[in-house]
Amino acid sequence: LVDPDTPYDYIIITNEALSPTFQSLVDWRTSQGLAARIFTTEEIYAHYDGTRPDGGTDNPTRIRNFLIDAYTAWLTTPHPLRYVLLGGDVEIIPPRYVSVLAGIHSSDELICDNYYAGLDGTWDDDADGYYGEGDATGGGTGEAGEEADFYAELYVGRAPVSSAAQAANFINKIIAYESDPAAAYLDEGLMLGEQLDSRTYAGYSVDEIAALAPALDVTRLYDRNATWDASDLIPRLNGGVHIVNHLGHAYYGMVMRMTRAQVDNLTNEEPFLVHTQGCLAAKFDEDDAVGEHFVFGEHGAFAFIGNTQYGWYLPGSTNGASQLFHLAFIDALFNERIHPVGQALQYAKEISLDRVGPAGPERWVCLELVLLGDPATPVVTDYEDPVAHIASPPGGFPVAGRVPLAGSAHAGTANGATFASYRLDYGSGTNPATWTQIGVTATTPLTAGPLGTWGTGLLPDGKYTLRLTAADGTGLTSADQIVVSVDHADITAPAAGEFLGGGAVVTVTGTATRGDFQDYAVQVGAGANPDRWTPVLTATTPVTAGTLALWDTGAITEAGRYTLRLLVHGTDYIGSDAATVVVDPLYQAGWPRDVEQRISESAIAVGDLDGNGDMEVVAVEGMYNCGGALEGGRCGAYGMRVYAWHHDGSLVDGWPRMPGSDNRLTTPTLADLDADGDLEVIVGSIDGRVYVYEHDGASAAGWPQTTDDAIYATPAAADLDEDGDLEVVACSRDGQTYAWHHDGSLVSGWPRPTDACDASPLLVNLDGDGEREVVVAGRTGRVSAFRPDGSPMSGWPITVSGKFVASPAAGDLDGDGVPEIVAAAEDAVYVWRPDGTPAPGWPQTGLAGDIVSSPALADLDGDGSLEIILAGGSQVVYAWHYDGTPVDGWGNAKAPVVRSSPVVGDIDGDGDLEVLLAGGDDDGGVYAWHSDGTPVEDWPRSIPTRDAPWPDWDRRCSPVLVDVDGDGDLEVGLGVETKVFFWDTPGPFDRAPWPTFQADLARSGAFACLTPTVQAVHVFTDDLSAAFSAEVEASLPVYYLWEFGDGVTSTVPAVTHTYPAYGVYPLTLTVRDHCGTAVWCGHVNLPSPWRQFYLPVVMRDVSQISPAGGSCAQASGSKTKPLRG
């Protein structure tokens, strides 16, 4: 079929029925100097093999094999094949569907016409029938690594037509557009920006697109300025527009707020180009998607670029994945001067490949973005009309005083274009009826320079439209318009809703100015709507975008909301602004800290990562609707960063880290996997991997490890095989539970088939042999138990009605030395003995709502047995004794904390335990109750409510109790939304029997509070220098306090100290954790050397010195018996 001696630059592939219609386009291309021809699907299918790598056959393989043959045969000829038009809808030219993964979203049916453009490889290198996989996949194995060829040999477009009439319309518009490259309408651009969610206006992103094409005379329809709909858009499309850029919501039946019927009724005679970031608008296998109607209708577009599935934006930002490719496409047209539309689109994809990884929204967009149009159509970007573009101030932003205006006003880029003048005007509102000139008409052209200054001093506050008009000497004009807000009284910081620590001096910034300015005042009042105001500052000097006042919050002793008010006075003006913030005197110094995106998972983790005696804080971002990459080709949209801070809130070197997932990480787990004295950070990911990082942020050797589906459940760590190193256990949505050694190698006997999991695995010694068993509660109601070697425990599995979302816990509830297992499924709580039999009094059924809250175990009433505490629906918080009887004061409505998991500790120092839980998405409190269920004074503390688009994860944030600063008392920590908080409390550090989600930093889920013991103390001396270390046995990370006897102390586990003089010094080592305290006492003898100058240096081990008196070595801890083993 391919004749090497008859090459073609341009071919159309269609069927025999449409071939006569497409001949007119071939003739047109020939007239332009391209060697062009039609090849029919019938002859291609007859000549080419369609055997796929997996052994099946299909027609996309036949078409691609033909293209490979043609490209190869003609490559070195005068007419190498460059352009391919797929002349037909799916029933004529079948698409290739590829596999892609981006967070929780995956697809094995993503339409990808790039398959016909990138001709290297087969796109299914592992022959599993899933095409285009990276090493993270949608449905296949991805064993061969990258399968897609993103670098195209050919520029491909599609005519999604099914009939000769549709094909004729498609062709006629292309020829009409290309026939008049100097048409008057070609400099007209239309920018469309919708409100994407409660905090994201697409207009800011579309403004970035407009800035790359200053030659366009743009009209903006932005929800940011005023709502608009199809009735505003259609007259502009019919009136003559060239390039339409859109960011907004869409589906296959609607885009740009136009339905398919409205598209069919367009009457424009000037064909245009559409580029949309909306979802599904170009999904041409969906019974004529709206994008198809734009190109096969009599009127409308000559080309349509859009998504065959989802578009991806970034809430609250302009850095979405779809935006990345849109910007690159416009840059290709107007700045790189790449005019063929197919080539410009391919350039946009290839220039963005550094952001495309094995999974993620960038990969998704790169594969799906399709051209419904002819790839050889040259887009005209040189115009005779003069250029008018306002670059500053940005549209949508507040201004005041004398406002500098910057931008470009110069001749067009077409040959022979001229320039005469430009002028600036403003008008009131978003669609002014009258205009007022700013300054005088200027005759000097400008490129990215100062256009003039706008004096707003005496204008009323409100929205205004700025207009720049450029003219040439022939009567041609261009204009650019932006909408800004004039605001003479504006507080910019602190932002409304900000959380501030009491005692801090807060810098209040903003604007207080006016042409008739007299003075301004900053005031503060308690509450969101104060009835009394206290002066902060009154000033008679105007301020523009600067410091307004310094607010000393030291006088605030009661946490709550406070409102700052700014009043600006002029001769004929009174303006005001207000910002309500939260001030809390209990915030730990250095906190709260901010993260980029939302924290929505169960808990932060606090531990001594680097073994230096100080605590570090670890938190992960995790959200749902990943909107685009911020770095590394990964989503970053809803974060997916892992942060580590020092106890004072400063970032640890090497952090944050971004795992290779696209959204949602699990709660972090901390454990010393390799027994090197440092803690590793372990997180599971929705991309099916478990990531492990060293304390300095470096990826641990042998990690990440991969499962076959998403990991929603937090991994746990324990020494399963008692070899001195810890194992990592994780349950995947693939229905298996995995166990890896510290180096990432699989433990023999694992993985085990269990059930898909939302609940974290429980690691507990059930049979008293000293080894931890693995208990897994799954989504179908099955609970399994395995020995460390993967063999099943007798009596298990057990199946109940309902699915497990809450993670199971274990503890010796009744004090008999045998642990019980506690698990909640939907509206019931179960307790089983190690052999799988129900404990007396259990289950408890008919509870409020489906239980998501993971239980905490603690001796609330001090009777020596453990109670079970968890949150239910309808604001109920439950507590039961070990026998299933309810604890007095609990089981009633308390707060909307249904998804939070409780922690238990003595936060007020009264000797009794308190229970803490955090409020849900729409609740702004973290709550504390006494053991009898009554609220703790001064609680709840304020936290942010949800500020994120729906749909999304319902947050499951849970507190943590820890002495983060080493001062001997408990802090309450919480990561929620974009904040990490710590509140100082007077509670003792060693009274928190259940301090965090799943009991401990290793997330074992087992109540195993063992008092730390000092096994040995080692002291090596060298003259006046002594090196100290200790062997400590503990179930939790411990705090060290060395007291050297000379007034100097240290909190480092191993330390060298130099004494001031020779002599005998008392030595005290105190080690402590949440379970208790151990104190070791002894002496260090540093005798003065006799004839010192004759003696060599001697290293002496004095670690065998006896403790100085039995009364010093002591320990204090929990009254509850520890678990066996």
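The legends below accompany close-up views of a predicted model.

Local features are described where pLDDT is at least 70 and side-chain atom pairs where pLDDT is 80 or more, while totals for chains, interfaces and linings use all residues. Residues are numbered from 1 along each chain as its sequence is written, and side-chain values use heavy atoms, with hydrogens and water left out.

**View 1. Packing of helix α9 on helix α11.** Helix α9 (residues 321-334) packs against helix α11 (residues 361-368) at an angle of about 50 degrees, and their axes are 8 Å apart; helices (H or I, at least four residues) and strands (E, at least two) are DSSP runs numbered from the N terminus, and axes are lines fitted to C-alpha atoms, for helices over the stretch in contact, with angles running from 0 to 180 degrees between N-to-C directions. That angle makes α9 oblique to α11, given that angles under 35 degrees count as roughly parallel, over 145 as roughly antiparallel, 65 to 115 as roughly perpendicular and the rest as oblique. The crossing of α9 past α11 is right-handed, a term used if the near helix is turned clockwise from the far one by less than a right angle, whereas anticlockwise is left-handed. A321, S322, L324 and F325 of α9 make the contact with P361, E362, V365 and C366 of α11, where contact means heavy atoms within 4.5 Å. By class, the contact of α9 with α11 has six nonpolar residues, one polar and one charged; Ala, Val, Leu, Ile, Met, Phe, Trp, Tyr, Cys and Pro count as nonpolar, Asp, Glu, Lys and Arg as charged, and the others, Gly among them, as polar.

**View 2. Packing of helix α5 on helix α9.** Helix α5 (residues 203-211) crosses α9 at roughly 20 degrees, and the axes of these two helices come within 9 Å. That makes α5 roughly parallel to α9, and α5 passes α9 in a right-handed crossing. The residues that make the contact are S205, E208 and I209 on α5 together with Q323, H326, L327 and I330 on α9. By class, the contact of α5 with α9 has three nonpolar, three polar and one charged residues.

**View 3. Buried residues of helix α10 and the elements that cover them.** In helix α10 (residues 341-351), V341, G342, A344, L345, Q346, A348 and K349 are buried, where buried means under 20% relative accessible area, exposed over 50% and partly exposed in between (1.4 Å probe, protein chains only). The cover over these buried residues of α10 includes the strands β6 (155-159), β14 (272-276), β15 (301-306) and β16 (370-372), as well as the helices α9 and α11.

View 4. E977 is placed in strand β61 (residues 969-988) and, with a relative accessible area of 5%, is buried. The side chain of E977 makes a polar contact of 2.8 Å with the side chain of R598, and a polar contact of 2.8 Å also joins the side chains of E977 and R955; a polar contact is a pair of N or O atoms within 3.5 Å, of which, within protein, one must be able to donate a hydrogen and the other to accept it, and residues adjacent in sequence count only if both atoms are side-chain atoms. Neighbours within four places in sequence aside, the residues in contact with E977 include V595, Q597, I599, P944 and D947.

View 5. D58 sits in the loop between α2 (41-47) and α3 (59-74) and counts as buried at 12% relative accessibility. The side chains of D58 and R52 are joined by a polar contact of 3.5 Å. Not counting residues up to four places away in sequence, D58 touches G50, R52 and R96.

**View 6. Backbone geometry in four loops.** Most residues other than glycine have a negative phi, and most peptide bonds are trans. The peptide bond from S392 to P393 is cis, with omega near 5 degrees, and P393 belongs to the loop between β17 (387-392) and β18 (398-399). The bond from W842 to P843 is likewise cis, with omega near 10 degrees, and P843 is in the loop between β51 (828-832) and β52 (856-858). R257, in the loop between β12 (254-255) and β13 (258-259), has a positive phi near 60 degrees and is partly exposed, with a relative accessible area of 23%. D288, in the loop between β14 and α8 (290-296), has a positive phi of about 60 degrees although D288 is not a glycine.
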